[in-house]
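Subject: Structure for your files

Dear colleague,

Here is the structure you will be working with. My notes on what was found in it follow below.

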Amino acid sequence: MTIEYKRSDLYVHRRIGDENLLISLQRTNVSPMCELTPTAADVWASLSTWMTKDALAAMLSAKFDVDRSQAAADVEIFLHQLESMTALTTREVVGHE
Amino acid sequence: MNDMVPLLDRRDIGDRLSMMAMAKRIPLSASVEIIATCNFKCTHCYIAPTAQRGDVMSVADAEILFDQLASAGVMTLLLTGGEVFTHKQFKEIYLAAKRRGFMVQMNSNAYMIGERLADFLAEWPPEIVSISLYGLSDARYEEVTGIPHAFGRVVRAIDLLQARGIRVGLKCPAMTNTVDELAAMKAFAADRGIRFTYDVAITPQEFGGLQPLAQQLSPSRVLELDIEMNQDDQHLSRFFTNVTDKSASDNLYRCGAGKMSLAVNVRGGVSTCVASRQTVGNLFDQPFEEVWGALGGKTSKRLAEGHPCATCKFRGVCVGCPATVEQMTGLPDGYVQNFCRMTHLRAHRAGLHETGVPRTIAEGIPAHVRVPSAAARRALPVVM
């Protein structure tokens, strides 16, 4: 059983100049506007389709030339933050390992 | 990597965005007039009395506009009118704006806001609903707006919004038929924890109708109003000291217009702000960059040599601005003695001007500086 993640459509990413912002369309338990690093913005863009943690980590590792385990740890933290904001949807998929 | 920084206080990112926007000329905020007609018939209005039935923005046109504005970097989007809630596709337009990630604000008279609309806004909250308040009774409302039994509906609307946690602002134009209730309106707002503002500059209608000017307060009445509204001397002095130029500037536009903000009317015409009806281009006909460039050209102009405002250290707090002066004279670098007198009276009260009398009273206004027409000057209160 594998868990896949996809971003919620109740949040919108806006790039204004050099700033990456995540805007909530509805009421949330955190600020209606959050700031993303460029790396987080890349992960958010990837979450437009269903993605596993491994796939996200692989993407980051390849794009930013970082250690795979470090990338996986960062993805874990970021997904947890998004979940706490209800900015993610998840599903369980059978058969992907 | 610290991937995300939830912002509990938006002011820090807001300051950074504003600095970046001013430096790079990014239009951080925009107003969009989605309808020019209104359900009220206010005596002072400069838009709705001359609006046509067809002055309504379609959802398709709004989406085209929103895409342009989002690409350009607009963050804060003010939906305005006319009365926005009379637009039959208001919800579609509003959601189109929200889904593009704008921080949406609205101007409204609130008359149309009932439970269903309040519930809709609670589900998709705006940054703020800025409500124009026209008095504290049905009788006063009818006098100003021409609509009977309106006050009760507006109060109910305010209560519905606040009960749903939607931020509300209240404002009123300070004019002859509202001035006696402004202090009470401020108290009404304060009782609800709402900020109340008022504006003392009344301008002619789009296309020149002078009827609103009959509502303009005289400069001395404006000063009395400041006192009534508890603009205490210390507050006023602090305000003036903070914003008074240490050295005057001949920059015509001193606000963010054309640098980090713009206004779009119902036909797609672009101007500096909602107070200006003179457009520099049209976003339905021209690329955004072309129109934004034209707006920047207009707002980068300087006052001509010898213009009385070029050497005035109170320009930062002047009652008049290029948009209101433009409405009064036809040019943003005109001169309106009424506005000047109000500002100087305030400066005198703050201890920053000896007499409160602008030097133009004694020296006259240079011939090359446009002033309001003779008819407009007759429609205004005597400059006192």
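**Helix H1 of chain A**

In H1(A), the buried residues are A:Thr39, A:Ala40, A:Ala41, A:Val43, A:Trp44 and A:Ser46. Please keep in mind that this is a predicted model. The buried residues of H1(A) pack against strands S1 (2-7), S2, S3 and S4 of chain A, and also against helix H2 (53-64) and H3 of that chain.

**Chain A as a whole**

Chain A has 3 helices and 5 strands. Along the sequence they come in the order β-β-β-β-α-α-α-β. The radius of gyration of chain A is 13 Å, and the globule rule gives 13 Å for 97 residues, so chain A is as compact as a globular protein of that length. Along the principal axes, the C-alpha atoms of chain A fill a box of roughly 35 × 30 × 20 Å. Of the 97 residues in chain A, 46% are buried. If one takes the contacts in chain A between residues at least 6 apart in sequence, 52% of them join residues at least 24 apart.

**Where chain A meets chain B**

The size of an interface is often given as the accessible area lost when the parts come together. Between chain A and chain B the buried area is about 2,600 Å², and carbon and sulfur atoms give 60% of it. Chain A puts 28 residues into the contact, and chain B puts in 33 residues.

There are 3 salt bridges between the two chains. One of the residues in a salt bridge is B:Arg16, whose partner is A:Glu35, with the closest N and O atoms 2.4 Å apart. Polar contacts between chain A and chain B come to 11 residue pairs, counting pairs in which both residues are at pLDDT 80 or more.

Which elements of chain A give two or more residues to the side that touches chain B? They are strands S2 (11-16), S3 (19-24) and S4 (33-36), together with helices H1 (38-46) and H3 (68-84). S3(A) gives the most to this side, with 5 residues. By residue type, the side of chain A that touches chain B divides into 15 nonpolar, 7 polar and 6 charged residues.

**Two residues in chain B**

B:Val274 is in the loop between strand S9 (269-271) and strand S10 (281-282) of chain B. Leaving aside neighbours within four places in sequence, B:Val274 is in contact with B:Ser31, B:Tyr46, B:Thr80 and B:Ala263. B:Val274 and B:Val32 are 242 residues apart in sequence, while their C-alpha atoms are 8.6 Å apart in space.

B:Asn282 is in strand S10 of chain B. Is B:Asn282 buried or exposed? B:Asn282 is buried, because its relative accessible area is 16% and the cut-off is under 20%. A polar atom of the B:Asn282 side chain lies 2.8 Å from the backbone oxygen of B:Arg267. Not counting residues up to four places away in sequence, B:Asn282 touches B:Arg267, B:Gly268, B:Gly269 and B:Val291.

Regards

Notes. Residues numbered from 1 in each chain as written. Chains lettered and ligands numbered in written order. Predicted model: local features only at pLDDT ≥ 70, side-chain atom pairs only at ≥ 80, totals over all residues. Heavy atoms only, no water. Contact = heavy atoms within 4.5 Å. Buried area = accessible area lost by both parts, 1.4 Å probe. Salt bridge = Lys/Arg side-chain N within 4 Å of Asp/Glu carboxyl O. Polar contact = N/O pair within 3.5 Å; in protein donor to acceptor, adjacent residues only side chain to side chain. Helix = DSSP H or I, 4+ residues; strand = E, 2+ residues; numbered from the N terminus. Nonpolar A, V, L, I, M, F, W, Y, C, P; charged D, E, K, R; others polar. Rg over C-alpha atoms; globule rule 2.2 N^0.38 Å. Buried < 20%, exposed > 50% of the residue type's maximum accessible area, 1.4 Å probe, protein only.
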